[in-house]
Amino acid sequence: MLTVLLGALAYNCGPGVVNKSTVLKKLKAGNRDIFKSYVSHCRYKGKKHKGLYTRRLTEFAALFIP
């Protein structure tokens with residue numbers, strides 16, 4: 001399910017963002033505590049966007065199985 005979660009992030013933010021993200025770095029290191037890193041991808045034009053934050057929470061809840 002992690003690939004689906006990363007795929008959703010790549011679709012919404014772009015594959016370059018995912019390749020540089022702390023989410024991917026943590027997962028490669030074996031750390032599954034990625035909640036804060038995942039929901040931090042909720043900015044639009046440099047500002048935190050409430051709708052994107054809600055989307056990330058929903059994606060995380062639906063696609064991440066600890």
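**Exercise 1. The salt bridge**

In this predicted model, the side chains of Glu-59 and Arg-56 meet in a salt bridge, with 3.4 Å from N to O. Determine how far apart these two residues lie along their helix, and decide whether Glu-59 and Arg-56 are buried or exposed.

*Solution.* 
Step 1. The general principle is that side chains of opposite charge can pair when their charged atoms come close.
Step 2. A salt bridge requires a side-chain nitrogen of Lys or Arg within 4 Å of a carboxyl oxygen of Asp or Glu. The pair Glu-59 and Arg-56 has an N to O value of 3.4 Å. By this rule, the count comes to one salt bridge.
Step 3. Glu-59 and Arg-56 are three residues apart in helix 5, so about one helical turn separates them.
Step 4. Buried means under 20% relative accessible area. Glu-59 has 12% relative accessibility and therefore counts as buried. Arg-56 has 2% and therefore counts as buried.

**Exercise 2. The nonpolar core**

State how many residues the largest nonpolar core has, and which elements give two or more residues to this core.

*Solution.* 
Step 1. The largest nonpolar core has 13 residues. Those with the most contacts inside this core are Leu-5, Leu-6, Val-23, Ile-34, Tyr-38 and Phe-60.
Step 2. Two or more residues come from each of helix 1 (2–13), helix 3 (22–28) and helix 5 (50–63). Helix 1 gives the most, with four residues.
Step 3. With neighbours within four places in sequence left aside, Ile-34 is in contact with Leu-5, Val-23, Lys-26, Leu-27, Phe-60 and Phe-64.

**Exercise 3. The surface patch**

Identify which residues make the nonpolar surface patch of about 290 Å², and classify Val-4 by its relative accessibility.

*Solution.* 
Step 1. The patch is made by Met-1, Val-4 and Ile-65. Of these, Val-4 is found in helix 1.
Step 2. Val-4 has 40% relative accessibility and therefore counts as partly exposed.
Step 3. For the protein as a whole, the accessible surface comes to about 4600 Å², and carbon and sulfur atoms account for 60% of this surface.

**Exercise 4. The overall fold**

Describe the order of the elements from the N terminus on, and compare the radius of gyration with that of a compact globule.

*Solution.* 
Step 1. The protein has five helices and two strands, which run α-α-α-α-β-β-α.
Step 2. A compact globule of 66 residues would have a radius of gyration near 11 Å; the protein has 11 Å, so the values agree.
Step 3. The C-alpha trace spans about 30 × 25 × 20 Å along its principal axes, and buried residues make up 33% of the 66 residues.

Note on methods. Residues are numbered from 1 along each chain as its sequence is written. This is a predicted model: local features need pLDDT of at least 70, side-chain atom pairs count only at pLDDT 80 or more; totals for chains, interfaces and linings use all residues. Side-chain values use heavy atoms; hydrogens and water are left out. A nonpolar core is a set of buried Ala, Val, Leu, Ile, Met, Phe, Trp, Tyr and Cys residues joined through side-chain atoms within 4.5 Å. Buried means under 20% relative accessible area, exposed over 50%, partly exposed in between (1.4 Å probe, protein chains only). Contact means heavy atoms within 4.5 Å. The radius of gyration is taken over C-alpha atoms; the globule rule is 2.2 Å times the number of residues to the power 0.38. Accessible areas come from the Shrake-Rupley method with a 1.4 Å probe; for residues, only the protein chains shown count as cover. Patches are made of residues with over 30% relative accessible area and no salt bridge: like charges are joined within 9 Å, nonpolar side chains (Val, Leu, Ile, Met, Phe, Trp, Tyr) within 5 Å.
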